[in-house]
Amino acid sequence: MYLTGGQYKGHKIETAKSARPTLSKNRESIFNILTQFSNYGDSFLDMFAGSAIMGLEALSRGYKVKELEINRKSAQIIKKNYEKLHLKPDLTICNALQYIENKFDIIYLDPPWNYDYIPIIKKAAELLNPKGIIIVEHTNNQNIEEIIKKENLNLEIVKSKKYGRCYIDFLSFC
């Protein structure tokens, strides 16, 4: 996989064989959509970093990036990917649902698709700055709008895109 834009465009990123990294067309689309909205700020949290491809895409485009990853093998891949660019990641190896240190302008969620998205979206809302945005990648098995209503979250979907079996929803506070 290669970075699609910004300062590090074209650099190759290593992924784990078991990973499901976000496809290049989806990554490009996400960042193109972000530029269409008013400025949300420059802090970017990737709650389920995997290979860090989304965080590196954000970093390449000028965002300040925090990576969260629970899997130690994936964390080693993240470190290698940053080292290839002569960078050091702001990486915390932890359960993303237990992270409490900072608030962020943009939060990217792409957990394993079989996870329960309810606690994940709730946690992201806790970590989101008031004028921020949450980006959720999911399949049609996850109805994000239903989760928002059922859990009475103060969020709304401001943009939604479908790419094959992948859905990407952009959420902000109402």
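Me: Is serine 51 buried or exposed?
Reply: This is a predicted model, where local features need pLDDT of at least 70, side-chain atom pairs count only at pLDDT 80 or more, and totals for chains, interfaces and linings use all residues. Residues are numbered from 1 along each chain as its sequence is written, and side-chain values use heavy atoms, with hydrogens and water left out. Buried means under 20% relative accessible area, exposed over 50%, and partly exposed in between (1.4 Å probe, protein chains only). Serine 51 has a relative accessible area of 6%, so it is buried.

Me: Which residues is serine 51 in contact with, leaving aside its neighbours within four places in sequence?
Reply: Serine 51 sits in the loop between strand 1 and helix 2; helices (H or I, at least four residues) and strands (E, at least two) are DSSP runs, numbered from the N terminus. Contact means heavy atoms within 4.5 Å. With those sequence neighbours set aside, the partners of serine 51 are Ile13, Glu14, Thr15, Ile77, Ile78 and Asn81.

Me: How many of the residues of helix 2 are buried?
Reply: Helix 2 is mostly covered. Its cover includes helix 1 (24-36), strand 1 (43-46), strand 2, helix 3 and strand 4 (104-109). Among the buried residues are Ile53, Met54 and Glu57. The count for helix 2 is 7 of its 8 residues.

Me: Which residue forms a salt bridge with glutamate 57, and what parts does the pair tie together?
Reply: A salt bridge here is a side-chain nitrogen of Lys or Arg within 4 Å of a carboxyl oxygen of Asp or Glu. For glutamate 57 and arginine 27, the closest N and O atoms are 2.8 Å apart. Glutamate 57 lies in helix 2 and arginine 27 in helix 1, so the pair ties together parts that are 30 residues apart in sequence. The partner is arginine 27.

Me: Where do glutamate 126 and lysine 123 lie?
Reply: These two form a salt bridge, with the closest N and O atoms 3.4 Å apart. Glutamate 126 has a relative accessible area of 47%, so it's partly exposed, while lysine 123, at 6%, is buried. They're 3 residues apart, about one turn of the helix, and both lie in helix 4.

Me: Which residues do salt bridges that share partners join into one network?
Reply: By this rule the count comes to 8 salt bridges. Glutamate 57 and arginine 27, both buried, belong to the network. The joined residues are Arg27, Glu57 and Arg61.
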